[in-house]
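User: I'd like to understand the labels used for this model. Could you take me through them?

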Amino acid sequence: MSSHAGHGHHDAHAPATPVHAHAHVHGSGGDPATDIDWDVLGPLLEQEAELNGAQYEEAARWIAALPTAPKVRRVLDIGSGPGVVSCLLAEVFPEAEVVAVDATPALLERAKNRARRHGVIDRLQTLEAELPANFDRLGEADLIWAGNSLHHLGDQRAALAGFAGLLRSGGTVALVEGGLPTRRLPRDIGIGQPGLEARMGAAAATRFEHMRSELPGAKRETEDWSALFTAVGLVPQGTRSFLLDLPAPLSGPARDHVVASITREREVLGDLLSAEDSAVLDRLLDPEDPEGLHRRPDVHLLAARTVHLGRRD
C-alpha cells in the first residue's frame with residue numbers, strides 16, 4: 001500500500017474527505033503530490049484527524065457496542081499515518097493491542113510519539129509495511145480498521161479478501177470509504193464563478209481516477225461494499241455516516257487547517273483547475289486579501305464520513 005496514511009486529511013484525489021488522515025498521494029516524478037516533506041504534511045494530517053476526533057470516537061464506540069462485537073484483543077489500523085485513530089482505538093478498546101500499519105517511517109514515528117503522550121505506548125506497536133506485498137506480516141486481528149486505504153490498492157476485492165483472512169472468528173473489518181465532499185466555503189464566495197469547491201471536487205475526482213488507473217493490478221470494482229463483504233465471505237453488519245460540522249466562525253486551529261488543506265489542494269490539482277479558479281485560489285490563500293481564507297467570516301468545515309462493517313462468522 002503506497003498510500004501513506006495518517007487519519008483525517010483531505011484526500012487530494014478523492015471526491016470526499018477521508019475518515020483517516022491518510023496522505024493519499026501518488027504520481028510520477030515532479031508531481032507535488034510525490035515531493036512530500038513529512039515534517040510539513042505530518043502535522044497537517046495529525047491536525048485534521050484531531051478535528052475529526054469526535055467522529056472517530058463515535059464510530060469506534062458504535063463498533064464496540066454492537067451485539068455481535070467480539071472481544072477485541074488485537075487491532076490492525078491499516079494506513080495509520082501519525083496514529084491519531086490508532087491511539088483512539090487503544091482508548092476505546094482498553095484490553096487490545098493496537099498495531100499501526102503504514103509505509104512511511106516518519107509517520108510511524110509520529111504515531112509512537114503520540115502514543116507516549118496519550119499513555120497507550122505499552123499497547124501500541126508500529127509496523128512498516130507495504131500492501132498487498134506484506135499481508136503475511138500483519139498477523140491475526142479481531143478488528144481491522146481500514147480508513148480510506150482500500151482504494152489505494154489496485155485489486156480492492158483481493159485486498160478485502162486478505163483482510164477477511166486475517167480476522168479471527170467473530171472479527172470485524174471497519175471499512176471507511178465514501179461519505180460526502182467536504183465543504184469549507186459558501187457556494188458563492190463573491191469572487192470568481194460560484195461553485196468553486198464543486199469544481200475542485202470534480203478535478204479531484206479526475207485525479208483520483210488517474211491514480212487508480214496507475215496502481216499495480218488495478219481493477220474496476222462496483223463500490224457496493226456490502227456486496228463485496230459478502231463476496232469475500234464476510235457478513236455485512238451495517239453502515240453509518242458520521243458528521244463533522246464546525247460552523248463559521250471557525251476557531252484558530254480549524255481555520256489554520258482549512259488554509260493548509262486548500263493550499264495543498266491548490267498544489268496537487270494544478271493544471272486540472274481553470275486559470276480563473278487558480279487565480280481565485282491565489283486570492284483566497286493570500287493572507288493580506290480581505291476576501292481570503294485568513295479573514296473571511298464565512299469559512300466553515302462540514303463533512304461526512306461513512307463506515308461499513310463486515311464480520312467473520
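Analyst: Happy to; below we go through aromatic pairs, helix packing and the nonpolar cores. This is a predicted model, where local features need pLDDT of at least 70, side-chain atom pairs count only at pLDDT 80 or more, and totals for chains, interfaces and linings use all residues. Residues are numbered from 1 along each chain as its sequence is written, and side-chain values use heavy atoms, with hydrogens and water left out.

User: Why is the pair of W62 and F242 called tilted?

Analyst: Rings of Phe, Tyr and Trp (its six-membered ring) pair if their centres lie within 6.5 Å; planes under 30 degrees apart count as stacked, over 60 as edge-to-face and the rest as tilted. The ring centres of W62 and F242 are 6.0 Å apart and the planes stand at 55°, so this pair is tilted. W62 belongs to helix α2 and F242 to strand β6 (residues 235-246), 180 residues apart. Helices (H or I, at least four residues) and strands (E, at least two) are DSSP runs, numbered from the N terminus.

User: What makes F135 and F163 edge-to-face?

Analyst: Their planes are at 65°, with 5.5 Å from centre to centre, and that gives an edge-to-face pair. F135 sits in the loop between β3 (124-128) and β4, while F163 is in helix α5 (residues 156-166), so the pair ties together parts 28 residues apart in sequence.

User: Why does F135 count as buried?

Analyst: Buried means under 20% relative accessible area, exposed over 50%, and partly exposed in between (1.4 Å probe, protein chains only). F135 has 14% relative accessibility, so it counts as buried. F163, at 0%, therefore counts as buried too.

User: Why are α2 and α3 called oblique to each other?

Analyst: Angles under 35 degrees count as roughly parallel, over 145 as roughly antiparallel, 65 to 115 as roughly perpendicular and the rest as oblique. The axes of α2 and α3 cross at roughly 40° and come within 10 Å; the two helices are therefore oblique.

User: Which residues of α2 and α3 meet?

Analyst: With contact meaning heavy atoms within 4.5 Å, A60 and R61 are among the α2 residues that meet α3, where the partners include L88 and L89.

User: What makes a nonpolar core, and how many residues has the largest?

Analyst: Such a core is a set of buried Ala, Val, Leu, Ile, Met, Phe, Trp, Tyr and Cys residues joined through side-chain atoms within 4.5 Å. The largest has 29 residues, with I63, L89 and W145 among those with the most contacts inside it. α3 gives the most to this core, with seven residues.

Terms used: Axes are lines fitted to C-alpha atoms, for helices over the stretch in contact, and angles run from 0 to 180 degrees between N-to-C directions.
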